[in-house]
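Here is a short briefing on one protein model. It covers the pocket, a helix pair and the sheet.

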Amino acid sequence: MDGPGDRLASVEVDPGRPLLISDADEVLFAFMDGFERHLRDHARSFSWASFQLNGNIIDDATGEAVEPADVRALVYSFFERHTRTLAVVDQAVESLDRLSRRMQIVVLTNIWPEFRDDREHALLTNGMPYPVIANDGSKAPAVARLASRTSAPVFFIDDAPTHHRDVARMAPDVVRIHYVSNARLSALLEPPRDCHFRAADWRGIRDYIEGRLAFSSLSRQAPSVP
């Protein structure tokens, strides 16, 4: 099985075309809605005390937070059973289709590599035929590597503030868009200090990107001042 580095190397990037690097869970797929149902099937619930999974998954029998190892096992079993069937976030397909006419799109998702093909299948069957990179840990190295292959504007969409922070440090020229599709989960977070734009929905993301691309195009066409 190819590792994330192998998959990253195989993704073709047009050096003169804008690039959009998008997260999947809570950006393209309604992760939290599906995960809550999965938790209920295992007599667990989410406390909504904070954005993190660790510390917020409660054993219904004891009322206590489950241990991090058990959280990891629950997330793994969720992806194992439901990666192909997660609901798509409203407006995501239409917005990406429109943006794809002007830019290249890559999905960068923190998911176990054994589930990458399931994620790609879910994207394809929902009208999102974009390359998928299964990542582990910080997304900044992958974003920086992809961004280094094009001289055109690069955009990054993710729900996790830590990824925005890391990308800001490693690839500061990348335009960073923060988006959490689940309204209740989104309310637990202030806009990250390291993002350029906090989006409420995909229409807002699309309009923001198109506005940035239009400004970039005008800037390149403007005559230089003698």
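The largest pocket holds about 1000 Å³ of space. Note that the model is predicted. The lining of this pocket counts 33 residues, and helix 3 gives the largest share of them.

**Largest pocket**

- Leu53, Val75, Phe79, Asn110 and His163 are the lining residues nearest the pocket centre.
- Five elements are listed here as giving two or more residues to the lining: helix 2 (31-41), helix 3 (68-82), strand 4, strand 5 and helix 7.
- Helix 3 supplies five residues of the lining.
- By class, the lining has 17 nonpolar residues, eight polar ones and eight charged ones.

**Helix 2 against helix 3**

- Helix 2 packs on helix 3 at an angle of about 110°, and their axes lie 10 Å apart.
- Angles of 65 to 115 degrees count as roughly perpendicular, so helix 2 is roughly perpendicular to helix 3.
- On the helix 2 side, the contact uses Phe31, Gly34, Phe35, His38 and Leu39.
- On the helix 3 side, the partners are Leu74, Val75, Ser77, Phe78, Phe79, Arg81 and His82.
- This contact between helix 2 and helix 3 is made up of seven nonpolar, four polar and one charged residue.
- Val75 and Phe79 of helix 3 take part in this contact, and both are also among the residues nearest the centre of the largest pocket.

- The open sheet has six strands, in the order 5-4-1-6-7-8, with parallel pairing.
- Strand 5 (132-135) and strand 8 (197-198) each have a single partner strand, so one side of each has no neighbour in the sheet.
- Strand 1 (residues 19-22) and strand 4 (residues 104-110) run parallel and are joined by four bridges.
- Leu19 has Gln104 in strand 4 as its bridge partner.

**Helices on the sheet**

- Helix 5 (residues 116-125) packs on the sheet and touches strand 4 and strand 5. The direction of helix 5 makes about 145° with that of strand 5.
- Helix 7 (residues 161-170) also packs on the sheet, touching strand 4, strand 6 (154-158) and strand 7 (175-178). The direction of helix 7 makes about 175° with that of strand 7.

How values were computed
Residues numbered from 1 in each chain as written. Predicted model: local features only at pLDDT ≥ 70, side-chain atom pairs only at ≥ 80, totals over all residues. Heavy atoms only, no water. Pairing = 2+ DSSP bridges. Contact = heavy atoms within 4.5 Å. Axes fitted to C-alpha atoms, helices over the stretch in contact; angles between N-to-C directions. 1 Å grid on protein atoms, 1.4 Å probe; cavity = no way out; pocket = protein on both sides within 12 Å on 5 of 7 lines; lining within 4 Å. Points joined across faces, edges and corners; volume = space filled by probe spheres on them. Nonpolar A, V, L, I, M, F, W, Y, C, P; charged D, E, K, R; others polar. Parallel < 35°, antiparallel > 145°, perpendicular 65-115°, else oblique.
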